[in-house]
Amino acid sequence: MSIMLDVKDLNVYYGVIHALKGISFHVNKGEIVTLIGANGAGKTTTLQTITGLIPARSGSVMYNGREIIHTPGHQLVANGLAHVPEGRRVFATLSVYQNLMLGAYTRKDKDGIEATLRTVYEHFPRLLERKNQMAGTLSGGEQQMLAMGRALMSNPEMVVLDEPSMGLSPIYVNEIFNIIEKIHDSGVTVLLVEQNANKALSIADRAYVLETGNITIEGAAQDLANDPKVKAAYLSE
Amino acid sequence: MMSFISYLLNGLSLGSVYAIIALGYTMVYGIAKMLNFAHGDILMVGGYAAFIALNSLGLPVPVSVLVSMVVCTLLGITIEKVAYKPLRKANSLSVLITAIGVSYLLQNLAQLIFTANPKSFSSFVGIEPIKLAGGQLTVSGETVVTIFTCVIIVAGLVTFINKTKAGQAMLAVSEDKGAATLMGVDVNGTISLTFAIGSALAAIGGILLCSAYPTLTPTTGAMPGIKAFVAAVLGGIGSIPGAFIGGIILGVLENLAKAYISSKLSDAIVFSVLIIVLLVKPTGILGKKIMEKV
Ligand SMILES: Nc1ncnc2c1ncn2[C@@H]1O[C@H](COP(=O)(O)OP(=O)(O)OP(=O)(O)O)[C@@H](O)[C@H]1O
Ligand SMILES: [Mg+2]
């Protein structure tokens, strides 16, 4: 198994706040890895540092064997690394279709883009029905689908997802998790940040627990799901 | 009646100039979220560049226009890089003060180089006045060219924004720089492009303005700059069609007020209209009210 994403001793500060205190973890090609943790643990900070939205103070982020810690954020998606951000952040005043096409912004292969668009519409028929609707008028669940579809439009090797189930009703949560599995089955490596630890551990291969900027527990997702400490802190019955 | 039509046409022409300048204001605001108060002075530099190209270097009109556009584009990009980019994360008040500083810098540099003595700008429009209604109505070539140019520019910009990748990237950056970055959009590059387009338009606005009102001084851009800013706010800042509509309304209003009420009060009337519109609709005529779901 080859390592796709390798994070080592990552330190990130917001002014004087030490948000990530030298964390290390990795994601193998083909895996679903989940990063769970309470509010403010540093999950979003971790993902945003990986995809170049926040600068790191020190450490290393290797992607496919290449150091990307100083790579400008906008160059990563062309290298196959897509990010579905926390809170969806769809372009509210643009149509569903325009949002999706922005997902393919760095691609030049017209036919390939068309093919990917068809796949995205297969994953999310709702987006096809609403392709001319303004994204800001979609429901929360639909916006999440759009944010995921938009990331898929870049035809990524790896997606990082930041709390895709946040604020969604149980039916939508199940649908979103089903689609994450489908995306994974189609060959995409997944790094999933979730507060819904039950669900995340049920689909992941491995997991890390992040507590106030430190990784405190790591292991096979199954083992973590049965770990009494994890159960007490993160899993509700 | 004929005089009314004549005032109206002059108003449309002046409004077209305001609109062309307002487009730069509104695009820069929409994408960089800042008010570039030096925009009017870029127009003035465009005027001088065109004046030198045409009168001192004896270049043909189209080449002189191009020279002026290139000078303004480079100036706009440079100002953004040197003065505004380092403040990308600063609060908006610092940026505003910097922009005002840049505005005075440009005016004073122009005064140093060209002195405060007005230059008499020879019109770039070689079209004879058109006589209509059996000679009762004369429309100057400048009026025709200005209105026509403005319509072409607005149509071109709307098409560019909606139909090209770079245009879509601009919309993405204007909404959410972080999300745009995740799409692979180079946010800094997009902001530079916006300044480039806005400044090139300012050059055209400057040439058209000076062709119709042929005195060029270091403060030529100041008042039209403020009026164009008002036009952009009136139409809904950030909106391209809004800048067009705002500019036209402002120009027509100003000319009619001058003709029928008082030439001294025309500016007061124009600004009163702005205040009333903003009281009724704070986002301006076409201002977007974005609905966001949380
Ligand atoms: N822009 C910022 N400026 C200052 N501090 C910040 C900023 N963003 C995050 N932080 C702080 O860094 C820490 C980690 O925040 P982060 O958003 O990464 O947490 P999270 O694990 O994603 O939380 P949540 O589950 O609520 O999304 C928190 O203490 C937060 O207050
Ligand atoms: Mg978070």
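Predicted model: local features only at pLDDT ≥ 70, side-chain atom pairs only at ≥ 80, totals over all residues.
Colleague: How should I read the angle at which helix 5 and helix 6 of chain B cross?

Modeller: Angles of 65 to 115 degrees count as roughly perpendicular. The axes of helix 5 (residues 141–163) and helix 6 (residues 165–175) of chain B cross at roughly 80° and come within 5 Å, so these two helices of chain B are roughly perpendicular to each other.

Colleague: And where do the axes of helix 6 and helix 8 of chain B stand?

Modeller: Those axes cross at roughly 110° and come within 10 Å, helix 8 of chain B being residues 187–212. That angle makes helix 6 of chain B roughly perpendicular to helix 8 of chain B. From helix 6 of chain B the contact uses Ala166(B), Ala169(B), Met170(B) and Val173(B), and from helix 8 of chain B it uses Val187(B), Thr190(B), Leu193(B), Thr194(B) and Ile197(B). This contact has 7 nonpolar and 2 polar residues, with no charged residues.

Colleague: Let's turn to the metal. Which protein donors does the magnesium ion (ligand 2) have?

Modeller: Look for the protein atoms that lie around the ion. For the magnesium ion (ligand 2) they are OG1 of Thr44(A) and OE of Glu86(A), 1.8 to 2.2 Å from it. This pair links distant parts of the chain, 42 residues apart: Thr44(A) belongs to helix 1 (residues 43–50) of chain A, and Glu86(A) to the loop between strand 6 (81–84) and helix 2 (96–103) of chain A.

Colleague: What does Met166(A) contact, leaving aside its neighbours within four places in sequence?

Modeller: Met166(A) is in contact with Glu86(A), Gly87(A) and Arg88(A). Met166(A) itself sits in the loop between strand 7 (158–162) and helix 6 (170–185) of chain A, and it is partly exposed at 33% relative accessible area.

Colleague: Which value of phi does Arg88(A) have?

Modeller: Phi of Arg88(A) is near 70°, a positive value in a residue other than glycine. Arg88(A) lies in the loop between strand 6 and helix 2 of chain A and counts as buried, at 7% relative accessibility. Asp9(A) also has a positive phi, near 45°. Asp9(A) is found in strand 1 (residues 3–14) of chain A and is partly exposed, with a relative accessible area of 47%.

Colleague: Finally, how many residues does each chain bring to the contact between chain A and chain B?

Modeller: Chain A gives 27 residues and chain B gives 22 residues. To read such an interface, take the buried area together with the atoms that carry it. The two chains bury about 2,200 Å² between them, with 62% of it on carbon and sulfur atoms. On the chain A side, His74(A), Phe91(A) and Tyr105(A) lose the most area to chain B, together 30% of what that side buries.

Conventions: Residues numbered from 1 in each chain as written. Chains lettered and ligands numbered in written order. Heavy atoms only, no water. Axes fitted to C-alpha atoms, helices over the stretch in contact; angles between N-to-C directions. Helix = DSSP H or I, 4+ residues; strand = E, 2+ residues; numbered from the N terminus. Parallel < 35°, antiparallel > 145°, perpendicular 65-115°, else oblique. Donors = N, O, S within 2.8 Å, 3.2 Å for Na, K, Ca; no water. Contact = heavy atoms within 4.5 Å. Buried area = accessible area lost by both parts, 1.4 Å probe. Buried < 20%, exposed > 50% of the residue type's maximum accessible area, 1.4 Å probe, protein only. Nonpolar A, V, L, I, M, F, W, Y, C, P; charged D, E, K, R; others polar.
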